[in-house]
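Here is a short note for a colleague who is opening this structure for the first time. Please keep the model in view while reading.

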Amino acid sequence: MPVPAGRRVSDDPLDEVLRPPPDETPEQRSIRLEREAEAKRISMEIDASIKAERQARRKKRIVRLLLLGQSESGKSTTLRQFQRLYTPTAFREERILWRAVIQLNIVRSVRIILEALNSPLSPSNSPFSSPRSRARSVSRPPPMPNQAPPVPNADHYHTNGNGSNPHSPVDQPGPSGYGNSDTSDVDMQFGSPRGHHHGSPQPRHRNAQKFQYAQSSSSTRRHRRSPSNPDSEVDSDTEFYHGSPRSVHNYSNSSVTLANSHLEPLKQKLLPLKHIEQLLIAKLVPPTEDEPTQLAPPGSPYMPHIQQSIQQGEHSSYRNQEIFVRPGPGWKGALSRARVNYPGYSDGTTASANGHHRPTSAGNTGLETQDEPQQVLHMLRKDMVQLWQDPYVKEILRRKKIKLEEGSGFFLDDLERVTSMKYMPSEDDVLKARLKTVGVSEYRFEMEVSAGRDSGTEWRIVDVGGSRSQRPTWVPFFDDVDAIIFLAPISAFDQVLTEDKSVNRLEDSVLLWKAVCSNKLLSNVDLVLFLNKCDILEKKLKDGVRLSKYVRSYGDRESSLDAVSKYLRSKFSAIHREYSPQPRKFYAFCTSVTDTTTTAGIIASVRDTVIRQHLKQSKLL
Ligand SMILES: Nc1nc2c(ncn2[C@@H]2O[C@H](COP(=O)(O)OP(=O)(O)OP(=O)(O)O)[C@@H](O)[C@H]2O)c(=O)[nH]1
Ligand SMILES: [Mg+2]
């Protein structure tokens, strides 16, 4: 389009809109200038009030901490550890509310077992397949890395080898070698556990790359991959381990099952657990909850409020579905309204009638009987123990690579205790319980007097849902944080994401870490890295699972907790150095956040660091 004489060409579309009209009269000009001055004054006022609020906040010692990481990384558990340490009375009082969550965790574990018994085994993990044919399918050695990068800078970082005292902060002031790091330090070569067999044309981490909060251009580089390394031998191993429904379809024609007819009476006895599950879900999810992803499980048309994360577009096995709640007081409120006659608990509240169409307990009065789920679980405890300890069940689970004891919310080894009618969850039970988070929520608490010199400090800890669909909701919370704790569950190197079976969970954590490190909004925020679930990692390595099978670049290094955690720390540290927009401090800890003793030390150290940084920032303002 031709530009009128006397007008500049501008690339900025706003220029065009804001430019005064060419035929502006002196009166119009003075009105316009007045308006502009007013707008500027208002804008400056807003800036000043934001600054004043920030200063007041810092003076009042309000510390804001953001917990980030993939789903099941341990964010909510870390938050619970903070609550346990700094508001111990409130934490203790809330323990009873977790009983329903633990009940649901138990029911879920049993249902996973029952589902495993009812679904066929693939020929490769069938007890009838020949050892030779099985060996063929799993024994191809993983390719060796082209370049085995050295473990840089691993001093200062140590674990004691048994995971029991793993806290060892690494304080790396950025400048030395900043920005010059060899990229081989940063890149890890992941195996490709599934894509090849299923002929998936896309790179496995395609979706992870969508999480690019203002990433630097370097962070969008793709992983180096060797096309000649499909690593397909892992495929048959991971099919059932991750409960992929596709694997069932693939083999359905030649399915085989172990003889388990002796379990039929047991299965029948355990049927009431389905009803208990529905009761518990109704209890945990507030009736007012309005969640667009809500889906009623098949056969429950009267429970439209139940929220289960279900894989879009594919038949989803029970194992891939999880009940979730929004963080915050919602579900606790729903529970405390419903809690009547919990033995040993009385707060004077009375039961409210259940919401419309919510399933109710026997008699359909709208009121709970005396904790019906606990009664049923108590009644069925011996049957559940029998199921869990049955050698056939163990064998099926082993062949299907379902490791309930390594998963979240595992209480089957404590059935006698946790199903007793007088059961009050212990603090450790609350930390072990699993309740998926959806949404973002800020928890505010002041440290109680018992917290010593830090009492009076107000903490605002932001807990987020970590699954893929939740990550876009994080960004608005990046503003004005004092520190981030990023959790990477390093035991998950042999697992895939529930929400995307083509993505290795460790690889997802690495990509997420890159995105967080490179985010410009967070460039001034100190990052604390928790390499979490070290207890599970240690057990896995002892059981003979090798990191190099999934992370080719690990090569033939020693398969011990110490060596693996040092290696991974060095990788995360190198990413931090290379991707951070400007130098900043970095602290890394090898953690098991369900372990109260070790985590208390780590949290104290994080608290001191964050408060120190907070005070420094206050002086700068
Ligand atoms: N053994 C062990 N279990 C852990 C550890 N950290 C967390 N867990 C368990 O893992 C499960 C998941 O932890 P959560 O804290 O709910 O994970 P999250 O990051 O909040 O997950 P989302 O809410 O889905 O984003 C819970 O059952 C925890 O008890 C750990 O270090 N070791
Ligand atoms: Mg959570």
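1. **Ground rules.** This is a predicted model, in which local features need pLDDT of at least 70, side-chain atom pairs count only at pLDDT 80 or more, and totals for chains, interfaces and linings use all residues. Residues are numbered from 1 along each chain as its sequence is written, while chains are lettered from A and ligands numbered from 1 in the order in which they are written.

2. **The whole chain.** The chain holds 20 helices and 9 strands. Both are DSSP runs numbered from the N terminus: helices are H or I with at least four residues, strands are E with at least two. Of the 621 residues, 39% are buried. A residue is buried if 20 or more other C-beta atoms lie within 10 Å of its own, exposed if 12 or fewer, and partly exposed in between, with C-beta atoms placed from the backbone. Two residues are in contact if their C-beta atoms, placed from the backbone, lie within 7 Å. Take the contacts between residues at least 6 apart in sequence: 80% of them join residues at least 24 apart.

3. **Strand S6 and its partners.** Strands pair if DSSP finds at least two bridges between them. Strand S1 (residues 62-69) runs parallel to S6, with 6 bridges joining them. Here Ile-62 has Glu-458 as its bridge partner. Strand S5 (residues 440-446) runs antiparallel to S6, with 7 bridges. Val-440 is bridged to Val-464 in S6.

4. **Strands S7 and S8.** These two pair in the parallel sense over 7 bridges. In S8, Leu-531 is the bridge partner of Ala-488. Why is S8 described as largely enclosed by the rest of the structure? Because 6 of its 7 residues are buried.

5. **The shell around ligand 1.** Here 25 residues surround the ligand, and the closest are Gly-74, Ser-76, Arg-434, Thr-437 and Gly-466. Near, in this setting, means a C-beta atom, placed from the backbone, within 6 Å of the molecule or strand. Two or more residues come from each of helix H3 (75-86), helix H16 (427-432), strand S4 (436-437) and helix H18 (534-542). H3 gives the most, with 3 residues.

6. **Make-up of that shell.** By class, the shell around ligand 1 has 15 polar, 7 charged and 3 nonpolar residues. Nonpolar means Ala, Val, Leu, Ile, Met, Phe, Trp, Tyr, Cys and Pro; charged means Asp, Glu, Lys and Arg; the others, Gly among them, count as polar. The shell draws at least three residues from domain 1 (62-73 + 437-618) and at least three from domain 2 (94-120 + 262-288 + 323-334 + 368-434). The domain bounds come from an automatic or database domain assignment.

7. **The UniProt annotation.** An unreviewed UniProt entry lists residues under "binding site", among them Leu-431, Arg-434, Thr-437, Lys-533 and Cys-534. UniProt positions are given in the numbering used here, feature names are shortened, and annotations may be inferred rather than shown by experiment.

8. Leu-431 sits in helix H16. It is buried, because 21 other C-beta atoms lie within 10 Å. Beyond four places in sequence, Leu-431 touches Thr-77, Arg-80, Gln-81, Thr-594 and Thr-596. Thr-437 is in strand S4 and is buried, with 22 other C-beta atoms within 10 Å. Cys-534 belongs to helix H18 and counts as buried, with 27 C-beta neighbours inside 10 Å.

9. **Ser-491.** This residue is in the loop between strand S7 (483-489) and helix H17 (505-518). Is Ser-491 buried or exposed? Ser-491 counts as buried, because it has 25 C-beta neighbours inside 10 Å. Leaving out residues up to four places away, Ser-491 touches Lys-533, Ile-536, Leu-537 and Lys-540. Leu-506 is 15 residues away in sequence, and its C-alpha is 8.2 Å from that of Ser-491.

10. **Leu-522.** The loop between H17 and strand S8 (526-532) holds Leu-522. Leu-522 counts as buried, with 23 C-beta neighbours inside 10 Å. Apart from neighbours within four places in sequence, Leu-522 is in contact with Phe-478, Ile-484 and Val-516. Pro-581 is 59 residues from Leu-522 along the chain, with their C-alpha atoms separated by 9.0 Å.
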